[in-house]
Number of protein chains: 2
Amino acid sequence: MRRILGALALGLVSWLGGAHAWAQEPLLVEKRTMTIPRFSFVSGATLADVKVGYETFGTLNAAGDNAILVPRTFSTDSHVAGRYKASDAAPGYWDAIVGPGKAIDTNRFFVVATDNLANLATKNPTVVTTGPATVDPATGKPYGLRFPIYQVRDMVNLDKAVLDALGVKHLHAVVGASMGSFQTFEWAASYPDFVDRIVPVLPTPQADGFLIGWLAAWQAPILADLAWKGGDYYGGPEPAAGLAAAMKVAYLQQRWAGAVERTAGLKPADPAKDPAASWDARYAIEQAMDADAQLRVRLFDANAILYGAKAMQISRLGGAASLEEGLAKIRAKALVIPAKTDMLLWPYLSQRAVSIRRAQGRE
Amino acid sequence: MRRILGALALGLVSWLGGAHAWAQEPLLVEKRTMTIPRFSFVSGATLADVKVGYETFGTLNAAGDNAILVPRTFSTDSHVAGRYKASDAAPGYWDAIVGPGKAIDTNRFFVVATDNLANLATKNPTVVTTGPATVDPATGKPYGLRFPIYQVRDMVNLDKAVLDALGVKHLHAVVGASMGSFQTFEWAASYPDFVDRIVPVLPTPQADGFLIGWLAAWQAPILADLAWKGGDYYGGPEPAAGLAAAMKVAYLQQRWAGAVERTAGLKPADPAKDPAASWDARYAIEQAMDADAQLRVRLFDANAILYGAKAMQISRLGGAASLEEGLAKIRAKALVIPAKTDMLLWPYLSQRAVSIRRAQGRE
């Protein structure tokens, strides 16, 4: 994703009207928590006291119409930019493009980002979310698979509740990558009068059969892990091995051969141990995949991965019967930014959406 | 793979000199078994009494030089064409191009195919192979991970032993797909005077870091399955769930979005059960992936998958220090047939090999 940040920043500066001067001081941001007293899912399920972690950058104007929403990706949270403390090792994931004087200029815009439902990183103490790992007040035990199945539209509706509470009357833009791109399209289809612009990055408005299959391939090793126990593993051993196996597939889908060639190539993990000679010896790429997977095991909840994948599988743009109907609901301008090396949200997905819009006589 | 058979057949007819008349009678073939008394691996390990299942089609000429070898793919065996009995439901996997009067014309050529080492389909009664599921005479127990790690060159050397025993003095061609393509290149590099032509299909001469990573992603869910038990699961529950999860990734890599769109699209597996409403309801593509995986669970040995993946990870063409050196050993003519929709052996792998050969002043 880092490789397209440069192009993205340049595109956004002119398209969103950002400033060209770059800030010097480190941006500090505070994590806040909001509780939505009663939330209704598209499915009809309802939930009391839904907690949402969120961050804001910049200042909302009096009209409440200078806001930009950055919905979360599959594996990120509300921490899009800045640091909680000046001593933090790294800033938020889109710090390069969100901040004072940056492409998404927080001197001009009020930027909002949330942790939303069933955020993966439940073990990250800065993440506040309600999901399958949350204790169900009715039983005193974590929901597990009894948590309502949610759709992308539910993510949008929950962020709408947060924006309402913050006094936001109108969105200048919604800018989101990957699973965030589903939300940009859904915002424009569900709330056509509320959103002026959408910037779907690594985008698709909804899944096709192939993507449903790949998401099932992520779910499979978790479901296959005996420690998963139908989702009721909380308090005991977690399905860490299954989660790690799933994340190895996702790791490769986010890279391309050239990236692996530059970083690992054919190098063994340990020059003294030939992978051809032993089952214990491995390659640098295998070590990198393992290290990345273990990082995710330490932060992620396996059930939340299942829920997020299910959300992408089942969501249909605007709740419409066809992609054509869903896209026809959109009135916002769109800047669609695919990456030809993305092996999950392949460019054909957004190219198809753009072709349909053009056939509908829309830009 | 079926989609490129037509183009392949046309190319082969003119390139290998096959006849243009098509046979009418069903081709019957017999499975035979050969035992190699002592086999030495590249690693230095040796094994007594290595059993190899094989099939031959057509007749070897007096000079012993009209032979074509079809090395096995990752998941197939020696059954490339014909039927064992006229009542068999389906013929061998390349029956469309191997047979009397077909592209690989068994009226003219003596075609040989083997099950080779650690064949995946150990539970298929017609497959004869020596691998991790074989009982080690020294211990009376299956080898498991104590079976020697093998390389593609070992597969070539074992097929060479079979060809020697059959009286083959020279190969007109080696035609192999996927893991078989590794073997076509290796034949030409290891036995440059023995092979006139190679036809690598879905080809690569060896793995790069990216492919090593994807093969590790196949291995991961098997290694994560508690039933795997370090490879010593024989006689008890097998790591079926891990094997199924691995095969779901492989299933998608062998297809492309358009194929899934045509066969499954967004259809639920059961029209009465909405996947958005329940964890028990799923899509047609998920059902297809499951059905394919369960078929493989019934036939395959999980350890053999680990060994086959390891072989592709560790093999270096011609045992050379670089791909350039390995390719420089080749004197055979090559007809290289990539598929742009293959998501494991991507076309860039063979394009790179062809570029290197051209830079070396070879066709």
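Q: Where does A:His172 sit?
A: In this predicted model, A:His172 belongs to strand 9 of chain A, which covers residues 171-177.

Q: Buried or exposed, that A:His172?
A: A:His172 is buried, and its relative accessible area is 12%. The cut-off for calling a residue buried is under 20%, so A:His172 qualifies.

Q: And what does A:His172 touch, not counting residues up to four places away in sequence?
A: With those left out, A:His172 touches A:Leu16, A:Asp65, A:Ala67, A:Ile68, A:Phe109, A:Asp196 and A:Arg197.

Q: Switching to salt bridges: how many turn up over all chains?
A: The search of the whole structure gives 26 salt bridges. One of them joins A:Lys31 to A:Glu55, with 3.9 Å between the closest N and O atoms.

Q: Where in the chain are those two residues, A:Lys31 and A:Glu55?
A: The pair ties together distant parts of the chain, 24 residues apart. A:Lys31 is in the loop between helix 1 (5-17) and strand 1 (32-40) of chain A, while A:Glu55 is in strand 2 (residues 46-57) of chain A.

Q: Is A:Glu55 buried or exposed?
A: A:Glu55 is buried, at a relative accessible area of 0%. There is also a network of salt bridges here, linking A:Lys31, A:Glu55 and A:Asp115.

Q: What about chain B, which residue does B:Lys123 meet in a salt bridge?
A: The side chain of B:Lys123 meets that of B:Glu238, at 2.9 Å from N to O.

Q: How accessible are B:Lys123 and B:Glu238?
A: B:Lys123 is partly exposed at 35% relative accessible area, and B:Glu238 is partly exposed at 31%.

Q: Which residue does B:Asp88 pair with?
A: B:Asp88 forms a salt bridge with B:Lys85, and their closest N and O atoms are 3.3 Å apart. B:Asp88 counts as buried, at 16% relative accessibility.

Q: OK, on to how the chains meet. How many residues does the contact take from chain B and from chain A?
A: Chain B gives 52 residues to the contact and chain A gives 52 residues. The area buried between the two chains is about 4200 Å², and carbon and sulfur atoms account for 76% of that.

Q: Which residues in chain B lose the most area to chain A?
A: Those are B:Phe210, B:Leu266 and B:Trp279, which together make up 18% of what that side buries.

Q: How many salt bridges and polar contacts are there between the two chains?
A: The salt bridge count between chain B and chain A is zero. For polar contact, the count is 10 residue pairs, both residues being at pLDDT 80 or more.

Q: Which element gives the largest share of chain B's side?
A: Helix 4 of chain B does, with 11 residues. By type, the residues on the side of chain B that touches chain A are 34 nonpolar, 10 polar and eight charged.

Q: Now the sheet in chain B: how many strands, and in what order?
A: Seven strands make an open sheet of mixed pairing, ordered 1-2-6-3-9-10-11.

Q: Why is one side of strand 1 and of strand 11 left without a neighbour in the sheet?
A: Strand 1 (32-40) and strand 11 (333-334) of chain B are at the edges and each has a single partner strand, so one side of each has no neighbour in the sheet.

Q: And how do strands 2 and 6 of chain B pair?
A: Strand 2 (residues 46-57) and strand 6 (residues 110-114) of chain B pair in the antiparallel sense over four bridges. B:Phe57 stands opposite B:Val111 in strand 6 of chain B.

Q: Last one, B:Thr184: which helix is it in, and what does its side chain reach?
A: B:Thr184 is in helix 3 (residues 179-190) of chain B. Its side chain reaches the backbone oxygen of B:Ser181 at 2.7 Å, and B:Thr184 is buried with a relative accessible area of 0%.

Conventions:
Residues numbered from 1 in each chain as written. Chains lettered and ligands numbered in written order. Predicted model: local features only at pLDDT ≥ 70, side-chain atom pairs only at ≥ 80, totals over all residues. Heavy atoms only, no water. Buried < 20%, exposed > 50% of the residue type's maximum accessible area, 1.4 Å probe, protein only. Polar contact = N/O pair within 3.5 Å; in protein donor to acceptor, adjacent residues only side chain to side chain. Contact = heavy atoms within 4.5 Å. Buried area = accessible area lost by both parts, 1.4 Å probe. Salt bridge = Lys/Arg side-chain N within 4 Å of Asp/Glu carboxyl O. Nonpolar A, V, L, I, M, F, W, Y, C, P; charged D, E, K, R; others polar. Pairing = 2+ DSSP bridges.
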